[in-house]
Amino acid sequence: MNKKNLLVALSLLTLLFSNSLLAADYKEGVHYQKIALKSSRYVEGKIEVTFFYDYSNPASLELNSHLNSWLQTLPENVYFIRRPSTLGQKNWALALSYTRAEMLGKGDDVNAALFKALNQTPPGLNSMQELVAFNGEQEINGNLPTHILQANFKRLSSEWADNPKITTPSIVVAQKYLITKKMAGSDKAVINLINELIKQESAAK
C-alpha cells in the first residue's frame, strides 16, 4: 500500500472510531431526556420516530432537511410521523392542510411545499384565501371522511397540548426519548442519536 492509500485508510479508520466514541458518549439527561409521550399513535412491533416542528421556524426547516436524507435509509422496524405545530390560528390551518395531505398519501410532497412557502421571502400563505388556493394546487381539497379527519387532527392537537416538554423542533423516539438540537449539539448529532436509540430499542425487543 502506497503512502497516499495508507493515509486514506487511516483517515477512514479515525472517522469510524470517532463516530463510535460519539455514540458511546450520549447520555440520558444530557443529550436526550426520558419522557412519557401522551396521545401518540402506536404500531405493534414498530419503533416510532416523531418530528415536532413549526413550518415557519428556520431550525425546523434545517432539521427537516436532515430528516429527509435520513428517511432514505429508514429501517423496516421504524415508522416516522410528522406533528406540525397547532399553536395559533395560522399553524392550526397549516397543520390541518398537512393532515389532509397525509390522509391522501401526499404527506411528503405537501410537507415540502409548506416548508418552501413559509420560508420564502416574503413568507407565503398569509390568508385563508392563499391557503385554500395552495390546497387546490396540491389537490388536497377533495372530500375526506369527516370523522377520520377530525380524529386524526384531534390526536395531533392533543399531542401538542398533552406534552408541555415538547419544543420546536423536537424528535421523540419510541414514545419515550426526547431529542433537541440544543441537547444533542447539532442536527447531525440528532440524526446519530436517533439511530443509536433505534438500535437500543431494537436490541431490547
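Select Thr50 to begin, and show everything around it. Beyond its neighbours within four places in sequence, Thr50 is in contact with Leu37, Ile81, Arg83, Glu159, Ser170, Ile171 and Val172. Bear in mind that this is a predicted model.

Thr50 lies in strand β2. Is Thr50 buried or exposed? Its relative accessible area is 0%, under the 20% cut-off, so Thr50 counts as buried. Now show side chains for Thr50 and Glu48. A polar contact of 2.6 Å links the two. Next, look across to β4, where Val172 stands opposite Thr50.

**The sheet**

Colour the strands. Five of them form an open sheet, ordered β1-β5-β4-β2-β3, with mixed pairing. At the edges sit β1 (33-34) and β3, each pairing on one side only. Strands of a sheet pair through backbone hydrogen bonds, either parallel or antiparallel. For β2 and β4, the sense is antiparallel, and the pairing runs over four bridges.

**Helix α8**

Select residues 187-204. This is α8, with 18 residues. From first C-alpha to last, α8 reaches 26 Å, close to the 26 Å expected at 1.5 Å a residue. Which residues of α8 are buried? They are Asp187, Ala189, Val190, Ile191, Leu193, Ile194, Leu197, Ile198 and Glu201. Their cover includes β2, α2 (58-70), β3, β4 (170-173), β5 (177-179) and α7 (181-184).

**Helix α3**

Move to residues 89-103. Helix α3 has 15 residues and spans 21 Å between its end C-alphas, close to the 21 Å expected at 1.5 Å a residue. Its buried residues are Asn91, Ala93, Leu94, Ala95, Ser97, Tyr98, Thr99, Arg100 and Ala101. What do the buried residues of α3 pack against? Show β2 (47-53), β3 (78-84), α4 (107-118), α5 (128-137) and α6 (146-162). Just after α3, stop at Gly105, where phi is positive at about 75°.

**Backbone stops in the loops**

Most residues other than glycine have a negative phi, and most peptide bonds are trans.

- Thr121 to Pro122: the peptide bond is cis, with omega near -5°. Pro122 is in the loop between α4 and α5.
- Leu125: find this residue in the loop between α4 and α5. Its phi is positive, about 55°, although Leu125 is not a glycine. Leu125 is buried, at 9% relative accessible area.
- Thr168 to Pro169: a cis peptide bond again, with omega about -10°. Pro169 is in the loop between α6 and β4.
- Ala174: go to the loop between β4 and β5. Phi is near 60°, a positive value in a residue other than glycine. Ala174 counts as buried, at 11% relative accessibility.

**Zoom out**

Show the whole chain. It has eight helices and five strands. Along the sequence, the pattern is α-β-β-α-β-α-α-α-α-β-β-α-α. Of the 205 residues, 40% are buried. Among contacts between residues at least 6 apart in sequence, 74% join residues at least 24 apart. The accessible surface comes to about 11500 Å², and carbon and sulfur atoms account for 56% of that.

Conventions:
Residues numbered from 1 in each chain as written. Predicted model: local features only at pLDDT ≥ 70, side-chain atom pairs only at ≥ 80, totals over all residues. Heavy atoms only, no water. Helix = DSSP H or I, 4+ residues; strand = E, 2+ residues; numbered from the N terminus. Expected span 1.5 Å × (residues − 1). Buried < 20%, exposed > 50% of the residue type's maximum accessible area, 1.4 Å probe, protein only. Contact = heavy atoms within 4.5 Å. Polar contact = N/O pair within 3.5 Å; in protein donor to acceptor, adjacent residues only side chain to side chain. Pairing = 2+ DSSP bridges. Areas by Shrake-Rupley, 256 points an atom, 1.4 Å probe, with all protein chains shown as cover.
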